[in-house]
Amino acid sequence: MLDEDGHFGESIAAGYDDSAADMFRPGAVDPAVDMLAELADGGRALEFGVGTGRIALPLARRGVPVHGIDLSRAMVSRLRAKPGGDAVGVTIGDFATSRAPGTFTVAYLVFNTINNLTTQDAQVACFRNAAAHLEPGGRFVVEVGVPDLRRLPPGQNAVPFQISSTRWAFDTFDVATQAMSSHYVTITDGRAEHRSLPFRYVWPAELDLMARLAGLRPRDRWEGWSRAPFTGESTRHVSVWEKPAD
């Protein structure tokens, strides 16, 4: 059974930063913060799924007022314990529907967090929630992977993405419903522990339609935070939509 923190309760929050250590490296964080600070353009930033503050804290250190929305108190408690954690306002709730105080010049979802919303309706609601928070001319930014279905041969529904002597990780896909799950098997002292997290993968064109339903218009799509061109071979994208000023 899930607790009030959803899938990111204490057992996940306790080791989250270590498990995602590569994403906390300056090479992964700094380009995202640079772009988001530029898009904030002197205004306020809103992070959906603020978690332990991987992006929110360095963005706040750049002088951008940051507010986050997150369901997990366990994750937010880690943010609060870090230097500067008290500078980031947080609303506890579902980022697809929960409202934060005020308006913002940029709202953002990073590191595949849009996939944490496991239904199309919830993802559509998320775009509408972002639009409701944005000032005219404000931007909504999503960083997410491109579904890796080309690696699925007929009759197979699993794609491994990490294999070592002590840790196996793989994604499973249901191509009929766009449901997917990430599975992690960790071996400690000869004992294997399995955990899984549910997601819903989403295509770039589908995200554009969700943005249109929310009254947002496409502005940019890149392969990543370095702003390299997005192509048919890209494995992820950073997309930006804008709330019309008129």
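Where in the chain is the place of Asn115? In this predicted model, Asn115 is located in the loop that runs between strand S4 (104-109) and helix H6 (120-133). The relative accessible area of Asn115 is 8%; since buried means under 20%, this residue counts as buried. Apart from residues up to four places away in sequence, Asn115 touches Gln123, Val144, Pro198, Phe199, Arg200, Tyr201 and Val202. The loop between S4 and H6 also holds Asn112. Phi of Asn112 is near 70°, which is a positive value in a residue other than glycine. With a relative accessible area of 29%, Asn112 is partly exposed.

The overall form of the protein was examined next. Its secondary structure amounts to 7 helices and 11 strands. The radius of gyration is 18 Å, close to the 18 Å given by the globule rule for 246 residues, so the protein is as compact as a globular protein of that length. The C-alpha trace spans about 55 × 40 × 35 Å along the principal axes. Buried residues make up 48% of the 246 residues. Among contacts with a separation of 6 or more, 58% come from residues 24 or more positions apart. The protein exposes about 12,100 Å², of which carbon and sulfur atoms supply 52%.

Charged side chains were then considered. The protein carries 25 positive and 30 negative side chains, and the centres of these two sets are 3 Å apart. In the whole structure, 14 salt bridges are found. One of them joins the side chains of Glu206 and Arg200, with an N to O distance of 3.0 Å. Both Glu206 and Arg200 are buried. Arg200 is also among the residues that Asn115 touches.

Another salt bridge is formed by the side chains of Asp148 and Arg151, at 3.2 Å from N to O. Asp148 has a relative accessibility of 31% and counts as partly exposed. Arg151 is likewise partly exposed, its relative accessible area being 46%. A further salt bridge, at 3.5 Å from N to O, is made by the side chains of Arg150 and Glu233. This pair links distant parts of the chain, the two residues being 83 residues apart. Arg150 belongs to the loop between strand S5 (134-145) and strand S6 (158-163), whereas Glu233 belongs to the loop between strand S10 (217-222) and strand S11 (236-242). Arg150 has a relative accessible area of 66% and is therefore exposed, exposed being defined as over 50%. Glu233 is exposed as well, with a relative accessible area of 58%.

Asp5 presents a case without such a partner. This residue is found in the segment before H1. Asp5 is buried yet has no salt bridge, and the nearest side chain of opposite charge, that of Arg73, is 4.5 Å away. A salt bridge requires a side-chain nitrogen of Lys or Arg within 4 Å of a carboxyl oxygen of Asp or Glu. Neighbours within four places in sequence aside, Asp5 is in contact with Leu71, Ser72, Arg73 and Ala74.

At 52% relative accessibility, Ala14 counts as exposed. Ala14 and Leu71 are separated by 57 residues in sequence and by 16 Å in space, C-alpha to C-alpha.

A positive phi was also found at Asp41, where the angle is near 55° in a residue other than glycine. Asp41 is placed in the loop between helix H3 (26-40) and strand S1 (45-48). The relative accessible area of Asp41 is 67%, and this residue is therefore exposed.

Technical notes: Residues are numbered from 1 along each chain as its sequence is written. This is a predicted model: local features need pLDDT of at least 70, side-chain atom pairs count only at pLDDT 80 or more; totals for chains, interfaces and linings use all residues. Side-chain values use heavy atoms; hydrogens and water are left out. Helices (H or I, at least four residues) and strands (E, at least two) are DSSP runs, numbered from the N terminus. The radius of gyration is taken over C-alpha atoms; the globule rule is 2.2 Å times the number of residues to the power 0.38. Buried means under 20% relative accessible area, exposed over 50%, partly exposed in between (1.4 Å probe, protein chains only). Contact means heavy atoms within 4.5 Å. Accessible areas come from the Shrake-Rupley method with a 1.4 Å probe; for residues, only the protein chains shown count as cover. Lys and Arg count as positive and Asp and Glu as negative; His and the chain ends are not counted. The place of a charge is taken as NZ of Lys, CZ of Arg, CG of Asp or CD of Glu.
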